[in-house]
Amino acid sequence: MNETSTPSQSDRSDSPSAPVERIRTRACLEALPAYVAGKPPVDDGRRRYKVSSNESPYAPIPAVLEAATAALTAANRYPDMGVRALREALAARHDVTPEQICVSTGSTAVIADLVRAVVDPGDEVVYPWRSFEAYPIIVGAQGGTSIRVPLTARHEHDLSAMAAAITDRTRLVLLCTPNNPTGTALSDEAIAGFLRQVPQDVVVAIDEAYREFHEPATVADTTALFRDHANVILLRTFSKLQGLAGLRIGYGIAHPRLARALTAVTIPFGASAPAQAAALASLQPDVCEELDRRAAALRAERDRVQDALAADGWDLPRSQGNFVFFPLGEHTGQFAAFCDEHGLVVRPYGTDGVRVTIAEPEANDLLLEICRQWRSQA
Ligand SMILES: *Cc1c(COP(=O)(O)O)cnc(C)c1O
């Protein structure tokens, strides 16, 4: 950083000419953890791979890019607030009505809408931990109380502990499958058994951001679970396999009353016209075929990496996501720095472990190489 750059916000407010600031922000914000975004690679001239944010390594598909670009020509107009065309297409795909599709600026924003719709200050939200780091921020910002249920020793949801954590203050339970960052997934039977223990007035959200990377033969039939349970909402995104992370669009599939509640609280005109157009184009059959090929290729790469690591003696949780998790405990920071030195920008989580996105084969090969070096020097 340039030492002589302009003063920071706090420097300015400390200066004698700054106005005295007496505003009040909500007390619940004091305890909010910061969202740690995947680090961008530093530009020191050497090739680095950013495998810290579970992004798609593929460039946008031309037909999707064209649709988004065409929508830009009407950027002086507000987007369709009702997101009509996309919701109709998604409704047909999921066999629900368009009113049951709740679109927002990424599924993170849908989760925020959901929390705003069902959580009053002091209400409890139960979720596994470690899991998606946006959960505690969203719950805390709403004044809700996070009930974090530790993962099992095998880095899976502890569903019986989660069921036991439900009280009469619980309004919402979040399930994340495959779980970010550990990659472990929930089976049909496991989710169904859990749902039988949840009171019908408690909403259960199933966050499926990585669904397409799960082995298709064994992926949970969450659509059937949704149909059988009026308190279930499914969360999907276009950020991961569809590669639209930078355009911000995702959706929920909800039963009518909850869908109306989400629509009531969502920020109007959230999803931009280019994002809506790109998402709609992503549902066209030929684009879906290409996305299926990409999903298969990334699954094959993930399995290749996991098999190679297992052969080298690594004991990692079996991931069903587009990433692998190294539960390195106190060595987490050291391993992340080691990866960084060798050209891979990864995502460390405190003293829990390191998540590495499965990317282009060269990046995956580099990961295997770094892992071998790490073990040989350890
Ligand atoms: C990436 C991700 C999402 C979705 O992110 P958006 O870009 O906001 O759609 C949701 N849940 C989990 C667990 C994720 O990792």
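## Helix α11 and its end

The expected span of a helix is 1.5 Å times one less than its number of residues. In this predicted model, helix α11 covers residues 285-311, a run of 27 residues. From its first C-alpha to its last, α11 reaches 39 Å, close to the 39 Å expected at 1.5 Å a residue.

Glycine 313 follows α11. The phi angle of glycine 313 is positive, near 100 degrees.

## Overall form

The protein has 13 helices and 12 strands. Its radius of gyration is 22 Å, close to the 21 Å that the globule rule gives for 378 residues, so the protein is as compact as a globular protein of that length. Taken along the principal axes, the box filled by the C-alpha atoms is roughly 65 × 55 × 50 Å.

Among the contacts in the protein with a separation of 6 or more, 72% are between residues 24 or more positions apart. Buried residues make up 50% of the 378 residues.

## Surface and charge

The protein exposes about 18,300 Å². Carbon and sulfur atoms supply 53% of this area.

The protein carries 37 positive and 47 negative charges.

Proline 317 lies in the loop between α11 and strand β9, which covers residues 323-326. Is this proline buried or exposed? Its relative accessible area is 8%, and the cut-off for a buried residue is under 20%; proline 317 is therefore buried.

Leaving aside residues up to four places away in sequence, proline 317 touches Arg154, His155, Thr182, Thr184, Gln306, Phe325 and Pro327. Proline 317 and glutamate 156 are 161 residues apart in sequence, and their C-alpha atoms are 8.6 Å apart in space.

Proline 178 is placed in the loop between β5 (170-176) and α7 (188-197).

Proline 181 is also found in the loop between β5 and α7. The peptide bond from asparagine 180 to proline 181 is cis, and its omega is near 15 degrees.

Valine 83 is a residue other than glycine, yet its phi is positive, near 45 degrees. Valine 83 is located in the loop between α2 (62-72) and α3 (84-94). With a relative accessible area of 7%, valine 83 is buried.

Phenylalanine 269 has a positive phi of about 60 degrees although it, too, is not a glycine. The loop that holds phenylalanine 269 is between α9 (256-265) and α10 (273-281). Phenylalanine 269 has a relative accessibility of 33%; because partly exposed residues are those between the buried limit of 20% and the exposed limit of 50%, phenylalanine 269 counts as partly exposed.

## Histidine 229

Where is histidine 229 found? Histidine 229 is in the loop between α8 (222-228) and β7 (232-237). Its relative accessibility is 19%, and therefore histidine 229 counts as buried under the 20% cut-off.

Histidine 229 touches Leu195 and His255, not counting residues up to four places away in sequence.

Technical notes. Residues are numbered from 1 along each chain as its sequence is written. This is a predicted model: local features need pLDDT of at least 70, side-chain atom pairs count only at pLDDT 80 or more; totals for chains, interfaces and linings use all residues. Side-chain values use heavy atoms; hydrogens and water are left out. Helices (H or I, at least four residues) and strands (E, at least two) are DSSP runs, numbered from the N terminus. The radius of gyration is taken over C-alpha atoms; the globule rule is 2.2 Å times the number of residues to the power 0.38. Buried means under 20% relative accessible area, exposed over 50%, partly exposed in between (1.4 Å probe, protein chains only). Contact means heavy atoms within 4.5 Å. Accessible areas come from the Shrake-Rupley method with a 1.4 Å probe; for residues, only the protein chains shown count as cover. Lys and Arg count as positive and Asp and Glu as negative; His and the chain ends are not counted. The place of a charge is taken as NZ of Lys, CZ of Arg, CG of Asp or CD of Glu.
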